[in-house]
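Please examine the sequence and the model shown below before reading on. The paragraphs that follow lead through the structure step by step.

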Amino acid sequence: MVGKMKQVKRHWIGFSLSLLFVGCISILYACYKYRPLNEERVKIGATYMTMNNDFYKALHSEINKEVEESGDILLLRDPSLNSDKQVEQLEYFIKEDCDVIVINPVDSSNSAIINKLKEAKRKGIAIVAVDSRLTDSKAVDTTILSDNYKAGIMCAENLLATKTSAEILLLEHETTVSGSDRIRGFLDTISGHEGYHIVASREVKGQTELAMPAVEEVINEGIAFDTIMALNDQSVLGALAAIEVGRLEGITVYGVDGSPNVKTLLASTDDVQATVAQSPHTIGEEAVRAAYRLADHLPYRSNIIVPVTLVTKENVHDFNISGWQ
């Protein structure tokens, strides 16, 4: 009986030591993976012009993934295309002593937004702009965006190669430099080519729910068009809805994003001529990399341009149709 008790005791001691060993390993891993509790965690504030856009959701998911893995803090705010609200959010990030602010500006030239970002910089907060540059470069440390001017060029080049003439409706978002650059690249490329005319333009802020009534308005006014150049794919979806309601046929439609919705249309219908694919995942990866470098007071490139690719019916199956690039 005594021998059995000793044997049980030895097993219990061995089991306890095993638990202690596993516990120590877990603690060491946690110390390796996460910052020590007594070390201040990096705090990042993020505000995008609207979260009613899957592009920004995909971009933010890349930032969120890295911040969560690092055990740091990420504050997300949605200004819903309201500049005043975005200014309030920047003020909140300053009061919260954020180390970095990631911003996609509602209005790239809004003086209140720019001044608030400069105030944040004076307080030692690093600024990373994504998907659109600010008109005042002194308000940011790093800008990460797609080659938006090239995106407009690609759409125009495809139009010139596939149609001998065009009556063009532009769907714009003039308060963002990225949207303006796409339209400017398109216009510069068709400039000097006879037979390609801009018949109307409408401000739609890149939103489906604004693009549909805007295109309906053009149709109801009797303005004839056979081509639409939209600043993004969300605008494309609104335009297509208006075209369907108006029972128009033979309209050539261009967008920018490479969104799953428009790639699906390219693969299965003739509704869209082309979209230019951006990579929100790449922009997000670059943004969080810049954020951590700047938080550690390390230098980082002031401008990062992410390449874009024309997506047509011919090459759409080379892409992940159901997801982003």
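Helices (DSSP runs of H or I with at least four residues) and strands (DSSP runs of E with at least two) are numbered from the N terminus. The model is a predicted one, in which local features need pLDDT of at least 70 and side-chain atom pairs count only at pLDDT 80 or more, while totals for chains, interfaces and linings use all residues. Residues are numbered from 1 along each chain as its sequence is written, and side-chain values use heavy atoms, with hydrogens and water left out.

Is threonine 275 buried or exposed? Threonine 275 counts as buried because its relative accessibility is 0%; buried means under 20% relative accessible area, exposed means over 50%, and partly exposed lies in between, with a 1.4 Å probe and protein chains only. Its side chain makes a polar contact of 2.9 Å with the side chain of aspartate 233. A polar contact is a pair of N or O atoms within 3.5 Å; within protein, one must be able to donate a hydrogen and the other to accept it, and residues adjacent in sequence count only if both atoms are side-chain atoms. Apart from neighbours within four places in sequence, the residues in contact with threonine 275 include Asp233, Gly255, Val262, Leu266 and Leu310, where contact means heavy atoms within 4.5 Å.

Strand S10 takes its place in an open sheet of six strands, ordered S7-S6-S8-S9-S10-S12, with mixed pairing. Two strands pair if DSSP finds at least two bridges between them. At the edges are strand S7 (196–203) and strand S12 (309–311), each of which pairs on one side only. From one strand to the next, the twist averages 20°. Axes are lines fitted to C-alpha atoms, for helices over the stretch in contact, and angles run from 0 to 180 degrees between N-to-C directions. Within this sheet, strand S6 (residues 166–172) and strand S8 (residues 227–230) are joined by four bridges in the parallel sense; leucine 170 has methionine 229 in S8 as its bridge partner. Helix H6 (residues 177–190) lies across S6, S7, S8 and strand S9 (252–257), and runs at about 160° to S6.

A further open sheet of six strands has parallel pairing and the order S2-S1-S3-S4-S5-S11. Its edge strands are strand S2 (73–77) and S11, each pairing on one side only. On average, neighbouring strands of this sheet are turned by 15° against each other, direction ignored. Helix H10 (residues 280–295) packs on the sheet and touches S1, strand S3 (100–103), S4, S5 and S11; the direction of H10 makes about 175° with that of S5. Strand S1 (residues 43–47) pairs with S2 in the parallel sense over five bridges, and lysine 43 stands opposite isoleucine 73 in S2.

How many residues of strand S5 (residues 142–146) are buried? Five of its five residues are buried. In a regular strand, side chains alternate between the two faces of the sheet. Both faces of S5 are covered, with Thr142, Ile144 and Ser146 buried on one side and Thr143 and Leu145 buried on the other. Three bridges join S5 to strand S4 (residues 126–130), and these strands run parallel; valine 130 has isoleucine 144 in S5 as its bridge partner. Strand S5 also pairs in the parallel sense with strand S11 (residues 303–306), over four bridges, and leucine 145 has isoleucine 305 in S11 as its bridge partner.

The loop between S4 and S5 contains aspartate 131. Its phi is near 70°, a positive value in a residue other than glycine. With a relative accessible area of 3%, aspartate 131 is buried.

Two helices may be considered next. Helix H3 (residues 83–95) and helix H4 (residues 111–122) pack at an angle of about 5°, with their axes 9 Å apart. H3 and H4 are therefore roughly parallel to each other; angles under 35 degrees count as roughly parallel, over 145 as roughly antiparallel, 65 to 115 as roughly perpendicular and the rest as oblique.

Finally, confidence should be considered. The chain averages a pLDDT of 90, and 88% of the residues score at least 70; pLDDT is the predictor's confidence in each residue, from 0 to 100. Over residues 1–6 the pLDDT is below 50, and this stretch has zero contacts in the model beyond near neighbours in sequence. Where pLDDT is low, the predicted coordinates should not be read in detail.
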